[in-house]
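Subject: Structure handover, salt bridges

Hello,

Here is the structure for your files. My notes on its salt bridges follow below.

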Amino acid sequence: MWTSRSIANLTGALRSQGFDVHESTVRRQLLGLGFSLQANRKTHEGADHPDRDGQFRRIAETSGRALAAGEPVISVDTKKKELIGNYKNAGRELAPSGEPILVNTHDFMDKQLGKAIPYGIYDVGRDEGWVSVGISADTAQFAVAAIESWWKDLGRKRYPKTKTLTITADCGGSNGYRIRLWKTELQRLADHTRLRIRVMHYPPGTSKWNKIEHRLFSYISINWRAKPLVSRQTVIDLIASTTTSTGLRVYARLDPNAYPTKIQISDEQIGAVQIQRDDFHPEWNYTIIPSVIKK
């Protein structure tokens, strides 16, 4: 565990023990024994929650009924924050030999360009993505503002008769089940849209199962691999140009608003939220009911 097990080091260790051996022989012997260079692979999500499978079934069954009824089901999350500027972007892309894109040596944030915070909404039934790119902070206000912008520009046109919006989300982050601001902002959205907003959170340690991760974010990462995100417009254009052979379409917009952090929600404010909690894990499964019906 404390040493580098490279071919050169193993060859040196054998020679120090009196063996007359070449690196190519060590490499050939290792291959014959079934060894090869291996990178770490992310598979361990941490300890499984005892009701993990039950919540997965709950999400699948409830989402299935909503889709069958023609109601919208959206998967939401914040993608990894990205520095804007001439910085290295992971991945490799075809280019003329010996002509790599030259980028900054250090990844110090440009104070003028700042960073991009992509918050995504994936419409499960339509295989359609919407991404609001923020420049301020990843807060619950920003998250709900992104959902509201999706509803205003796409959702209400796609689902003009719906009365319920179903949202699947992670347990943590700006849309975490413990975040009071998330619930008060959803109440504001429910009042504004007159929609019942049903929320189902994935259990702790299962964020990669959220559909937006492998049906939207992964393809955005592929689309902009090895491309420096030199401007906000570049971020928007690369997200919006993301497609798949199965028909994925993605829309993107810049959210230039500033969202303050550390907003405190009082007991009185959270008590005013019209929330109906399910019997099964009510902290993960609940519905926000509109409290104001506009004429």
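The count comes to 10 salt bridges, a salt bridge being a side-chain nitrogen of Lys or Arg within 4 Å of a carboxyl oxygen of Asp or Glu. This is a predicted model, in which local features need pLDDT of at least 70 and side-chain atom pairs count only at pLDDT 80 or more, while totals for chains, interfaces and linings use all residues. Residues are numbered from 1 along each chain as its sequence is written, and side-chain values use heavy atoms, with hydrogens and water left out.

D278 and R58 form a salt bridge with an N to O distance of 3.1 Å. D278 sits in the loop between β8 (275-277) and β9 (285-288) and R58 in helix α3 (residues 52-68), 220 residues apart. Helices (H or I, at least four residues) and strands (E, at least two) are DSSP runs, numbered from the N terminus. D278 is partly exposed at 26% relative accessible area, and R58 is partly exposed at 28%; buried means under 20%, exposed over 50%, and partly exposed in between (1.4 Å probe, protein chains only).

E93 and R225 pair at 3.3 Å, N to O. E93 is in the loop between β2 (82-83) and β3 (115-123) and R225 in the loop between α6 (211-223) and α7 (232-240), so the bridge ties together parts 132 residues apart in sequence. Salt bridges link E93, R225 and K227 in a network.

R180 and D267 have their closest N and O atoms 2.8 Å apart. R180 is partly exposed at 34%, whereas D267 is exposed at 57%.

Regards
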